Amino acid sequence: MMRVLYPGSFDPITKGHMNIVDQATQLFDEVIIAVLQNPIKKSSFFTLKERLEILNKLYCNNPKVKLITSTDTSTDLALEHDCKAILRGLRGINDFEYEKQLAGINRDISDNQVNTICLFADQGLQTVSSSVVKEIFYLNKNISKYVDPIVEEKMILKGEQNK
Ligand code: ADP
């Protein structure tokens, strides 16, 4: 069984993330999406619980996708869940430098046991990011090009609650 761990904040999950998950399900038997709280990002749009609920709605019919959340590091999670690698997505040159550092650190702190695989989203989805989606949303512009209708609906609901 070849498993891969896809860690991230997914606040919210975008069509870019989903494209990476689709590609990974073609390569691996199981893709474990780990919804994590990024310690550097102070505030989040959705709570961890809400993000998990959204992901669950999106992937409940896909037997190759599993969802977890944890306060453990990605490397510990990869080892705990018997994953062959950590999966990351690359949007561009800025991601590349950061992901290269992260991949090195993750190998280092796992005694060279945890490797990283990077994939590119399809053309047209490569520049989509959670932060851009949130910015567009706050400007009252249409986000349906960048997120699944389930995510859009939850964002509108949450936005109304926060008014
Ligand atoms: P983090 O908060 O750790 O940056 P994110 O939830 O933003 O995590 O993203 C998780 C992973 O998905 C990261 O590797 C990020 O680069 C990647 N990713 C996000 N959006 C895209 C996209 N449009 N194309 C490819 N990879 C993406």
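**Stop one: the enclosed space**

By class, the lining of the largest cavity has no nonpolar, five polar and four charged residues. The classes work like this: Ala, Val, Leu, Ile, Met, Phe, Trp, Tyr, Cys and Pro are nonpolar, Asp, Glu, Lys and Arg are charged, and the others, Gly among them, are polar. To see that lining, select Ser9, Asp11, Gln37, Asn38, Lys41, Ser43, Ser44, Arg51 and Lys134. The largest cavity has a volume of about 50 Å³, and the count is one cavity of 30 Å³ or more.

Some ground rules before moving on. This is a predicted model, where local features need pLDDT of at least 70 and side-chain atom pairs count only at pLDDT 80 or more, while totals for chains, interfaces and linings use all residues. Residues are numbered from 1 along each chain as its sequence is written, and side-chain values use heavy atoms, with hydrogens and water left out.

Cavities and pockets come from a 1 Å grid over the protein atoms alone: in a cavity a 1.4 Å probe fits but cannot get out, a pocket is an open set with protein on both sides within 12 Å along at least five of seven lines, and lining residues have an atom within 4 Å of a point. Grid points are joined across faces, edges and corners, and a volume is the space filled by probe spheres set on the points.

**Stop two: the largest pocket**

Next, select Gly8, Ser9, Asn38, Arg88 and Tyr98, which lie nearest the centre of the largest pocket, out of 41 lining residues. Its volume is about 1,100 Å³. Colour by secondary structure (DSSP runs numbered from the N terminus, H or I of at least four residues for helices, E of at least two for strands). Strand 1, helix 1, helix 3 (74-80), strand 4, helix 4 and helix 5 (130-138) each bring at least two residues to this lining. Which helix gives the most? Helix 4 does, with seven residues. The lining splits into 15 nonpolar, 18 polar and eight charged residues.

**Stop three: the ligand**

Now show the ligand, because the space it takes is the largest pocket (the test for sitting there is more than half of its atoms within 2 Å of the grid points). Two or more residues of the shell around the ligand come from each of strand 1 (3-8), helix 1 (15-27), strand 4 (85-90) and helix 4 (93-109). The shell, meaning residues with a heavy atom within 4 Å, has 20 residues, of which Tyr6, Ser9, Gly89, Leu125 and Val128 come nearest. By class, there are eight nonpolar, seven polar and five charged residues in the shell.

A backbone N or O atom of Gly89 is 2.7 Å from a ligand oxygen, a polar backbone atom of Phe10 is 2.9 Å from one, and a polar side-chain atom of His17 is 3.2 Å from one. Taken alone, the ligand exposes 550 Å², and the protein buries 93% of that (Shrake-Rupley areas with a 1.4 Å probe).

Select Phe10, in the loop between strand 1 and helix 1. Its phi is near 50°, a positive value in a residue other than glycine. Pro12 lies in the loop between strand 1 and helix 1 too, and a cis peptide bond with omega about 0° joins Asp11 and Pro12.

**Last stop: the second largest pocket**Finally, select Phe45, Phe137, Tyr138, Asn140, Lys141, Ile143, Glu152, Ile156, Gly159, Glu160, Asn162 and Lys163, which line the second largest pocket. The elements giving two or more residues to that lining are helix 5 and helix 6 (149-161), and helix 6 has the largest share, four residues. The second largest pocket has a volume of about 270 Å³, and its lining divides into five nonpolar, three polar and four charged residues.

Methods:
A polar contact is a pair of N or O atoms within 3.5 Å; within protein, one must be able to donate a hydrogen and the other to accept it, and residues adjacent in sequence count only if both atoms are side-chain atoms.
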